[in-house]
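Work through the exercises below with the model open. Each task is followed by its solution in steps.

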Amino acid sequence: YMGWAFRRSDGGGEFIQRLIAAKDEGEAEKAAWFFNILHYIIRTWPWVLVALAAIVIYPDLADKELGYPKLMLDFLPPVMLGLVVASLLAAFMSTVSTSINWGASYLTNDLYLRFVNPDASQNSLVFVGRVSSIFVTVLGAVAAFFARDVATVFRLVIAIGTGPGLVLILRWFWWRINAGAELPMYSALI
């Protein structure tokens, strides 16, 4: 298991965005602990229990990914089914909007502002951010259109995301790991 080498192993990305929003370091640490407990302990167990129930109730199901929706359709009353579907759509939309904002933030602040136009005005940064949001959305839509299934996309994300783990951790301890080292690493992954 290469969990330590995964792309989020340095606490970067959207996690840092959440922590920076805290009023001080103590609150950020509490938020990190709260998130980790909810995300890795509490949130995971309902999925595990539903998956185990689907295996027991539908042992001969040809496509194992249909176990969750089949359980929903067979055992939830209509109102609860609507609530679950709405919650799944809300989670999907939240993930998509976070990814779009995160990608646009990288393109605007880390590339455009740093390398293209360091003296950019707020108005031009807002414009570049909007264009970057559209670009990231279109790129994601094209990728989704050509993806065969979710498992393939998941394996691709893991394959791309696992490589930079060591570099992302080392950048906190070794001054030579900077954007000049990270860009070739990401280029090699693509």
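Val 48 lies in helix 3 (residues 44-57), where helices are DSSP runs of H or I with at least four residues, numbered from the N terminus. This is a predicted model in which local features need pLDDT of at least 70, side-chain atom pairs count only at pLDDT 80 or more, and totals for chains, interfaces and linings use all residues. Residues are numbered from 1 along each chain as its sequence is written, and side-chain values use heavy atoms, with hydrogens and water left out.

**Exercise 1.** Classify the exposure of Val 48.
- Step 1: Buried means under 20% relative accessible area, exposed over 50%, and partly exposed in between (1.4 Å probe, protein chains only).
- Step 2: Val 48 has 29% relative accessibility, so Val 48 is partly exposed.

**Exercise 2.** Check the length of helix 5.
- Step 1: The expected span is 1.5 Å times one less than the number of residues.
- Step 2: For the 39 residues of helix 5 this should give 57 Å; the end C-alpha atoms are 54 Å apart, which agrees.

**Exercise 3.** Describe how helix 5 and helix 6 cross.
- Step 1: The axes of helix 5 (residues 78-116) and helix 6 (residues 122-146) come within 8 Å and cross at roughly 130 degrees. Axes are lines fitted to C-alpha atoms over the stretch in contact, and angles run from 0 to 180 degrees between N-to-C directions.
- Step 2: Angles under 35 degrees count as roughly parallel, over 145 as roughly antiparallel, 65 to 115 as roughly perpendicular and the rest as oblique. Helix 5 and helix 6 are therefore oblique to each other.

Definitions and conventions. Helices (H or I, at least four residues) and strands (E, at least two) are DSSP runs, numbered from the N terminus.
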